Amino acid sequence: PGAAKANAEWFPSKERALAQGIFNSGAAIGGIISVPLIAYLALFFSWKVIFVLIGLIGLIWLVPWLVLVKAPPIKHPWITDEEREYILSGQKSVSNESCEVDEYVPSYGEMLSRKESWGVIIATAAIDPIWWLFVFWIPIYLNEVYAMDVKSIGIYGWVPYVGAMFGAWFGGLLAQNRLKAGWNTDKTRKLTITLGCLIMLPALLAMANPGGPTTAVLIMAVILFGFQTAIGNVQTLPSDLLGKKAVGTLSGFSGMAAKLGAVGLTSLVPFLTADGNYTPAFVIGASL
């Protein structure tokens, strides 16, 4: 929710999908770096120490965020008037006298009474669990299906995140390209989300019989490419539909629905794959 709100504050609508894609690619880049790094650290440290080290990185990241993003763009002291005007273009009208955004903020009840809100919530709840399915189960899948140890997982496990990184950039660039070509936001978002889902669908079904480990991680890369193509545009929908003061609320509702969906799917996987066959899990992912 914080990222969606920052995106709505700092970017005009035509650039939000690309900004969201770059933001989302951070999770993928983190996966690319952390899978081999953690496998290497596991040779020297216990899992408890590794958890502490990874947690400290998050706290260190917080420092430049607080220093750089000290105020919204309308009040930020480091940007020029020209930059401020460009950022605020395509956003809600701004009163020059009060320097406050003049926007209507719906109540929770009104927000949840709109079909557009439920479109965002259901789309996020359906698509987001696929990410968590792979983030959570990639190492376990490689260990159970291909008998890989920690070192081998470190060699193979980062590959799917490369697909995710490129998908995040692709989804953002495609949306920006279509908006610059004159498409409206509604048509652009639907095209990009649909394309991402169409990429995921056959790749998820192909995971039923992927062959060797190299083919398996490459197919996973295609799945996560499609996922990030779609999800970046799904996550910009709250800022397309609402003003900056309400974006975080709808993003929070959709994020909650997504995580509940992820809990359900990841909880089912141990039962679906009890015999070592992961096909049912991938079929459910394709269905979503």
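**The largest nonpolar core**

Author: The largest nonpolar core comprises 48 residues, and those with the most contacts inside it are Phe 134, Tyr 141, Leu 142, Leu 204 and Ile 223. Such a core is a set of buried Ala, Val, Leu, Ile, Met, Phe, Trp, Tyr and Cys residues joined through side-chain atoms within 4.5 Å; buried means under 20% relative accessible area, exposed over 50%, and partly exposed in between, with a 1.4 Å probe and protein chains only. Two or more residues each come from α2 (13-41), α6 (115-146), α8 (159-180), α9 (185-206), α10 (213-241), α11 (244-272) and α12 (279-287). Helices are DSSP runs of H or I with at least four residues, numbered from the N terminus. The most is given by α6, with 12 residues.

The model is predicted: local features need pLDDT of at least 70 and side-chain atom pairs count only at pLDDT 80 or more, while totals for chains, interfaces and linings use all residues. Residues are numbered from 1 along each chain as its sequence is written, and side-chain values use heavy atoms, with hydrogens and water left out.

Setting aside neighbours within four places in sequence, Tyr 141 is in contact (heavy atoms within 4.5 Å) with Tyr 146, Met 207, Pro 210, Ala 216, Met 220, Tyr 278 and Phe 282.

Two of the helices that contribute to the core, α11 and α12, have axes that come within 8 Å and cross at roughly 150°. The axes are lines fitted to C-alpha atoms, for helices over the stretch in contact, and angles run from 0 to 180 degrees between N-to-C directions. Leu 265, Val 269 and Leu 272 of α11 meet Pro 280, Ala 281 and Ile 284 of α12. By class, this contact has six nonpolar, no polar and no charged residues; Ala, Val, Leu, Ile, Met, Phe, Trp, Tyr, Cys and Pro count as nonpolar, Asp, Glu, Lys and Arg as charged, and the others, Gly among them, as polar.

Phi of Ala 147 is near 55°, a positive value in a residue other than glycine. Ala 147 is exposed, with a relative accessible area of 66%.

In summary, the core draws on seven named helices, from α2 to α12, with α6 giving the most.
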